[in-house]
Amino acid sequence: MTTARTGTTPLALFDTDRLLSADEREIASSVRKFVDAKLRPHVADWFDEGALPREIAQEFGSLGLLGMHLDGYGCAGMSAVEYGLACLELEACDSGFRSFVSVQGSLSMFSIHRYGSQEQKQQWLPRLATGEAIGCFGLTEPDFGSNPSGMRTHARRDGGDWVLSGSKMWITNGSIADVATVWAQTEEGVRGFLVPSGTPGFTANPIKGKLSLRASITAELAFDEVRLPDSARLPEATSLSAPLSCLNEARFGIVFGALGAARDSLATALDYAATREVFDRPLSSFQLTQAKLADMTLELGKGYLLAVHLGRIKDDHAIAPDQISLGKLNNVREALAIARECRTILGANGITLGYSPLRHANNLESVLTYEGTSEMHMLSIGRALTGQQAFR
């Protein structure tokens, strides 16, 4: 006879709610209810189809998730921890949803908010905040990911205009975006440009055949002598440090987000083990199963404590890029290990879309790579510890 799970939840063992204010708990609860009502019933189909409906953007906007950690221009102005908790709840459903919100808010909107002119902010930020418009961020190129300083995309002055040529790869939201923040080499150094969709010479082609992040739109961007007015240039972005600062904003959301995938995988495994009978006993009653569950709970809890701690530092405006590297490296690596281990508890059932852990594991393979590979974050930490540069 099967029995329902009667034990506690992994994060309850750490009493994590004690770390949060009432407002922070309410935000997490609100996003979780939205996810359960609007996203979870469809995520398996979207993943299977390799699709993400465009109207989801306005659903996110109506909940205040887009640029929620930015001030003004229709943005919610919430704290780093509140933003992180929202990312966690989104990624508990699928990394694709957190990726959309992260790219829209921490890359597209942040680049305009931090480096744009007042005219650019007023033109784009209110529409991006509601989801009426969608943004993307073009930095990575086919041959330059970890080394963005080598980018080949370039822009040259031509009278009062700029002429942009080159390509960008693996761009989330690229083929559905209304505006792309594009980074290019110029005679004056790396500069950022806002390129509206439909600009002559600008094309965005969806990338097909993905095994990961299928409920997310990924594209290659191409620029063939794209003519832009000087008003398209982000005036406050004067070096490569500008796009790198945007990436730090996005990486911070991943520190929390990856834990959502781990939490959901572990909850799925716990529920399954409680009702699956093996040798006339619940799978959850076996020592090896309990050892797996205990180890995964430890890593999930430690990752959560790290994320909240880093969030408090960020809210004090004292966080360093190397600290964000600590969080992304640890939490994505451990979340991926948890998702894989949970799949083993599910056995053959775990390879179907009826259960989330392998879908989460597939997604986390991308998360492990984007916004800085695990190797690059290890080297960033190593540089901080030794004072020695080991990238080259």
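Let me begin with helix α8, residues 241-275, and helix α10, residues 321-346, which pack at an angle of about 20° with their axes 8 Å apart; the axes here are lines fitted to C-alpha atoms, for helices over the stretch in contact, and the angles run from 0 to 180 degrees between N-to-C directions. Helices, as H or I runs of at least four residues, and strands, as E runs of at least two, come from DSSP and are numbered from the N terminus. This is a predicted model, in which local features need pLDDT of at least 70 and side-chain atom pairs count only at pLDDT 80 or more, while totals for chains, interfaces and linings use all residues. Residues are numbered from 1 along each chain as its sequence is written, and side-chain values use heavy atoms, with hydrogens and water left out.

Coming back to that pair, α8 and α10 are therefore roughly parallel to each other, where angles under 35 degrees count as roughly parallel, over 145 as roughly antiparallel, 65 to 115 as roughly perpendicular and the rest as oblique. α8 passes α10 in a left-handed crossing, meaning that the near helix is turned anticlockwise from the far one by less than a right angle. The contact of α8 with α10 has 19 nonpolar, 5 polar and 2 charged residues; Ala, Val, Leu, Ile, Met, Phe, Trp, Tyr, Cys and Pro count as nonpolar, Asp, Glu, Lys and Arg as charged, and the others, Gly among them, as polar.

The axes of α9 and α10 come within 10 Å and cross at roughly 155°, and that makes α9 roughly antiparallel to α10. By class, the contact of α9 with α10 divides into 11 nonpolar, 7 polar and 4 charged residues.

With α12, helix α10 packs at an angle of about 140°, the axes being 9 Å apart, and the two helices are therefore oblique to each other. The crossing of α10 and α12 is again left-handed, and its contact includes D322 and R333 of α10 together with H377 and R383 of α12. The class count for α10 with α12 is 5 nonpolar, 4 polar and 4 charged residues.

Now to the pockets. What lies nearest the centre of the largest pocket? Of its 46 lining residues, those are G145, S146, R251, E371 and G372. A pocket, on a 1 Å grid over the protein atoms alone, is an open set of points where a 1.4 Å probe fits, with protein on both sides within 12 Å along at least five of seven lines, and lining residues have an atom within 4 Å of a point. About 1300 Å³ of space lies in the largest pocket, and α8 gives the most to its lining, with 6 residues. That lining has 19 nonpolar, 19 polar and 8 charged residues.

The second largest pocket holds about 490 Å³ of space and is lined by 24 residues, with T9, L11, T16, R32 and R263 nearest its centre. Helix α8 is also one of the elements giving two or more residues to this lining, which has 12 nonpolar, 3 polar and 9 charged residues.

Methods. Points joined across faces, edges and corners; volume = space filled by probe spheres on them. Contact = heavy atoms within 4.5 Å.
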